[in-house]
Amino acid sequence: MANLPVLDLSDLDRGAASAASFRTRLREATRDVGFLYLVGHGIDPDLQSRVHGLARAFFALPEEEKLSIENTSSPHFRGYTRVGGERTEGKVDWREQIDIGPERGAVDRADADYWRLEGPNLWPEALPELEVVLHEWHDRLADVGQRLLAAWAESLGAPADAFDAAFAEPFTLIKVVRYPGSDARRAGQGVGAHKDSGVLTLLWVEPGKDGLQVEIDGEWVDAPPIEGAFVVNIGELLEHATGGYLQATRHRVLSPPAGSDRVSIPFFFNPALDAQIPLLDLPPELAADARGVSQDPANPIHSTYGENALKSRLRAHPDVAAIHHADLVARRAAAVA
């Protein structure tokens, strides 16, 4: 059962009236819920199947093969994270994953700490086709992300290209994730409750595998997968861009039951590290309903994406931070002391 709104992206290609209706429903879904299912996105089922198969093939590799690209060897937070190697709100997440960002070289820039996130990915030598297929996956989902951003902009009274400059060189992130089973079905933290720190997330979930929950009006609501659909949610920066008219929504993943597991592949579509998301000038009828940006001293929302991204990486992977960025950790600890 679909507990979230279901939108069909192909409505944008069915004439002006259909496109306008899609944009209105997109705005309403992300204001009222912050999450939706997206169908009609044009991502080939065969590509979905290949990505799923390669994800399963990677997690089936011998432990030493996976650890050959462990993220503790990457100052850019790329590569493989073993089970229990990531944290949300200080608590251990029970999942293993690969983190894949833009395929770029490391840069030596002292003007901002977040440039430390720029750098190469780590790919398993035992599964070379993973890199090829995930690059294709990236390009297809980036196209979907661009269409959604243009639709959001127009739905909020801005030009369709309002976000284009910030996304000229997007700093994307793909996570290929496996959640092992847990005996503590309702208490097991696959990934803890959180809001995404960027702009837009497109989540592919293995068919038939539940566990994702969305917080709506203070209640946790199940969001089971719809085969072929992506789950879409907004992050803190789109909340910032709209003065809180749209608000990022907390969500979590519960561990699967013992004897089972679950694969999911979130794609985070975010602007360049040094980009500031534009602040939209909402029409009066929308601005009147803007609730203001959420204020949490423990989780400040920065207007520059790189600051948000670095905040999340340092917090989620304290082992990588301690190995490669001890100076940042010490400096930030001193700032809040």
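## Second largest pocket

The second largest pocket is lined by Ala298, Pro300, His302, Glu307, Lys311, Leu314, Arg315, Val329, Arg332, Ala333, Ala335 and Val336, a pocket being, on a 1 Å grid over the protein atoms alone, an open set of points with protein on both sides within 12 Å along at least five of seven lines, with lining residues having an atom within 4 Å of a point. The elements that give two or more residues to this lining are α7 (305-316) and α9 (326-336), and the largest share, five residues, comes from α9. The volume of the second largest pocket is about 340 Å³, where a volume is the space filled by probe spheres set on grid points that are joined across faces, edges and corners.

The lining of the second largest pocket comprises seven nonpolar, one polar and four charged residues; here Ala, Val, Leu, Ile, Met, Phe, Trp, Tyr, Cys and Pro count as nonpolar, Asp, Glu, Lys and Arg as charged, and the others, Gly among them, as polar.

## Basis of the model

The model is predicted, so that local features need pLDDT of at least 70 and side-chain atom pairs count only at pLDDT 80 or more, while totals for chains, interfaces and linings use all residues. Residues are numbered from 1 along each chain as its sequence is written, and side-chain values use heavy atoms, with hydrogens and water left out.

## Packing against helix α4

Helix α2 (residues 45-59) and helix α4 (residues 129-155) pack at an angle of about 140 degrees, with their axes 10 Å apart; helices are DSSP runs of H or I with at least four residues, strands are runs of E with at least two, and both are numbered from the N terminus. Axes are lines fitted to C-alpha atoms, for helices over the stretch in contact, and angles run from 0 to 180 degrees between N-to-C directions. α2 and α4 are therefore oblique to each other, given that angles under 35 degrees count as roughly parallel, over 145 as roughly antiparallel, 65 to 115 as roughly perpendicular and the rest as oblique. On the α2 side the contact is made by Leu47, Gln48, Arg50, Val51 and Leu54, and on the α4 side by Glu129, Leu130, Val133, Leu134, Glu136, Trp137 and Arg140, contact meaning heavy atoms within 4.5 Å. By class, this contact has seven nonpolar, one polar and four charged residues.

Helix α1 (residues 16-32) also packs with α4, at an angle of about 90 degrees and with the axes 9 Å apart, and α1 and α4 are therefore roughly perpendicular to each other. Phe22, Arg23, Leu26, Arg27 and Thr30 of α1 meet Leu148, Ala151, Trp152, Glu154 and Ser155 of α4, a set that divides into five nonpolar, two polar and three charged residues.

## Surroundings of Gln247

Gln247 lies in the loop between α5 (236-241) and β13 (251-254). Residues up to four places away in sequence not being counted, Gln247 touches Thr30, Gly34, Ile234, Glu239, Arg291, Gly292 and Ser294.

A search of the whole structure finds one cavity of 30 Å³ or more, a cavity being a set of points where a 1.4 Å probe fits but cannot get out. The largest cavity is lined by Tyr37, Leu203, Trp204, Val205, Pro225, Ile226, Ala229, Phe230 and Val231, with β9 giving the largest share, three residues.
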